[in-house]
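Hello,

Here is the structure I promised to pass on to you. Please have a look at it first, and then read on for what turned up.

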Amino acid sequence: MSTPNILILMVDQLNGTLFPDGPADWLHAPNLKKLAARSTRFANAYTASPLCAPGRASFMSGLLPSRSRVYDNAAEFSADIPTYAHHLRRAGYQTCLSGKMHFVGPDQLHGFEERLTTDIYPADFGWTPDYRKPGERIDWWYHNMGSVTGSGVAEISNQMEYDDEVAYNATRKVYDLARGHDDRPWCLTASFTHPHDPYVARRKYWDLYEDCEHLLPPVPAMDYEDHDPHSKRIFDANDWRSFDITEEDIRRSRRAYFANISYLDDKVGEILHALEATRQEAVILFVSDHGDMLGERGLWFKMSFYEGSSRVPLMVSAPGMEPGCVTEPVSAIDVCPTLCDLAGVDISEVMPWVAGESLVPLGQGSTRKSPVAMEYAAEASYAPLVCLREGRWKYTNCALDPEQLFDLEADPHELTDLSDDADCREVMEAFRLEAAARWDLEQFDAEVRESQARRLVVYEALRQGGYYPWDYQPLQKASERYMRNHMDLNEVEENQRFPRGE
């Protein structure tokens with residue numbers, strides 16, 4: 001395919017440690033395993049920021065939050081930032097989104113020509129954190145541990161309703177693309193909200209994990225005082241003192257989470273079946289926006305640079321990229337330049353400002369030398385945190401906290417901080433120099449605080465008097481669907497069929 005079609009399958013909060021080389025053997029995920037077998041699999045892929053909106057803006061643009069200014073789940077994604085949807089559309093692609101992308105602000109398309117669903121989360125500034133009020137919990141939108149204590153079985157939920165709709169619309173779109181009414185190549189993004197908490201799953205998927213041997217985390221809960229300062233802030237933000245988390249709560253939450261991976265596998269299977277049945281070929285990319293700690297250390301959800309929260313699955317099935325496992329660390333910000341590389345789209349005009357780099361050479365046997373960078377500046381932080389992952393090492397820094405250094409080869413669960421180890425002095429110094437060259441943490445902090453203060457004023461103003469929300473309203477042209485009297489019935493029946501009749 002000289003100009004390939006592109007299918008992007010995105011999920012939410014999927015822990016990348018469960019994808020050491022495609023889905024772990026014990027996961028019931030036959031469709032994802034089949035996709036993995038034909039994909040370049042990136043075993044050490046990381047989010048740009050372990051939170052929904054910042055991670056997604058970075059994935060689409062190739063920019064870290066400090067450049068995109070999407071610091072948190074209520075920060076506007078500026079309409080002047082090119083995304084892969086802009087680049088591909090400019091090059092002649094039809095671009096379509098079914099599902100979540102957590103765009104904040106009046107631009108709810110960001111390069112997509114068509115959007116098939118609304119979003120699941122708010123598009124306004126209401127979820128803005130406030131660094132001026134350290135320790136403040138905003139009960140109506142902050143995570144709490146009720147997702148863990150309330151875990152279990154349900155046949156419908158807010159998120160199931162959403163993802164059922166995402167899969168239906170994406171599958172319908174694949175069939176429509178096969179009809180050939182538009183001869184442009186296409187890029188379809190189907191973006192789900194599972195396995196994001198709450199940890200609630202349908203019985204058919206729940207039952208798959210009755211005898212699962214992985215219902216307790218490999219690192220059990222620690223005493224609050226034994227945690228690093230940022231983890232303590234996460235505990236406090238999640239209101240942990242108001243809940244008594246039992247071992248049964250942990251088992252049920254993890255079981256539901258695994259069950260929802262299987263639920264997603266079915267949804268992905270529906271889309272892939274439609275693609276195969278209509279004999280369409282496409283580059284296929286599978287990725288998550290961030291991970292979930294799943295009770296490891298006692299932590300849940302995200303907001304942390306620990307592996308469970310920051311590591312994501314990433315697989316690419318594409319001509320010219322060999323199936324197999326790549327172990328070099330990579331980033332979700334590499335997706336935008338990778339897609340453009342695969343499509344033959346030149347983005348040199350903006351590449352000086354793009355932090356990501358194409359993964360295509362890694363799928364052809366090359367190696368990577370540049371470190372992977374991450375940032376976090378949202379709830380549970382009161383100054384920006386930064387992280388570098390290179391080779392076997394992971395280094396973190398924050399103006400409020402002691403530095404951390406982990407050797408992930410020797411210590412995959414990050415239990416031993418080597419930042420003060422005399423044998424690691426040279427490694428620490430190299431990371432300090434690299435971090436200082438990349439970040440001015442004082443300036444970063446000032447920019448986050450300015451953004452928060454401005455948004456809090458604007459949000460309060462816009463909620464007074466007439467309120468005009470930015471939520472995306474999917475366009476349905478009923479007069480152009482199915483059969484109408486300005487159409488010829490014979491043409492409708494023939495043109496809407498695949499394959500066409502003789």
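The side chain of Arg-137 comes within 2.8 Å of the backbone oxygen of His-143, a polar contact (a pair of N or O atoms within 3.5 Å; within protein, one must be able to donate a hydrogen and the other to accept it, and residues adjacent in sequence count only if both atoms are side-chain atoms). Please keep in mind that this is a predicted model, in which local features need pLDDT of at least 70 and side-chain atom pairs count only at pLDDT 80 or more, while totals for chains, interfaces and linings use all residues. Residues are numbered from 1 along each chain as its sequence is written, and side-chain values use heavy atoms, with hydrogens and water left out.

Arg-137 belongs to the loop between strand 5 (114-115) and helix 5 (146-149); helices (H or I, at least four residues) and strands (E, at least two) are DSSP runs, numbered from the N terminus. Not counting residues up to four places away in sequence, Arg-137 touches Tyr-142, His-143, Asn-144, Asp-236, Ala-237, Asn-238 and Asp-239, where contact means heavy atoms within 4.5 Å. Asp-239 is 102 residues from Arg-137 along the chain, yet their C-alpha atoms are separated by 7.9 Å.

Now to the rings. The model has 22 aromatic pairs, counted for rings of Phe, Tyr and Trp (its six-membered ring) with centres within 6.5 Å; planes under 30 degrees apart count as stacked, over 60 as edge-to-face and the rest as tilted. In one of these, Trp-141 and Tyr-142 have ring centres 4.8 Å apart and planes at 75 degrees, so they meet edge-to-face. Trp-141 is buried at a relative accessible area of 9%, and Tyr-142 is buried at 10%; buried means under 20% relative accessible area, exposed over 50% and partly exposed in between (1.4 Å probe, protein chains only).

Tyr-224 and Phe-235 are edge-to-face too, because their planes stand at 75 degrees, with the ring centres 6.3 Å apart. Tyr-224 is in the loop between helix 7 (203-206) and helix 8 (229-237), and Phe-235, 11 residues away, is in helix 8. Tyr-224 is buried at 18% relative accessibility, and Phe-235 at 10%. Arg-241 lies over the face of Tyr-224, 5.0 Å from the ring centre; for a charge to sit over a ring, NZ of Lys or CZ of Arg must be within 6 Å of the ring centre and within 35 degrees of the ring normal. Arg-297 has its charged end over the ring of Tyr-306, 3.8 Å from the centre.

Which residues touch the most other members of the largest nonpolar core? They are Leu-7, Leu-9, Phe-258 and Phe-286, in a core of 84 residues. Such a core is a set of buried Ala, Val, Leu, Ile, Met, Phe, Trp, Tyr and Cys residues joined through side-chain atoms within 4.5 Å. Helix 9 (residues 247-277) contributes the most to this core, with 13 residues.

Strand 16 (residues 393-398) pairs with strand 17 in the antiparallel sense over five bridges; two strands pair if DSSP finds at least two bridges between them. The two form a hairpin with two residues between them, and Cys-398 has Asp-401 in strand 17 as its bridge partner. Strand 17 (residues 401-407) is largely enclosed by the rest of the structure, because six of its seven residues are buried.

Glu-414 is buried, at 4% relative accessibility, and its side chain makes a polar contact with that of Lys-394 at 2.9 Å.

Finally, some backbone details. Most residues other than glycine have a negative phi, and most peptide bonds are trans. Glu-414, which is not a glycine, has a positive phi of about 55 degrees. Gln-13 is not a glycine either, and has a positive phi of about 70 degrees; Gln-13 is buried at 0% relative accessibility. The peptide bond from His-194 to Pro-195 is cis, with omega near 0 degrees, as is the one from Phe-498 to Pro-499, with omega near -10 degrees.

Best wishes
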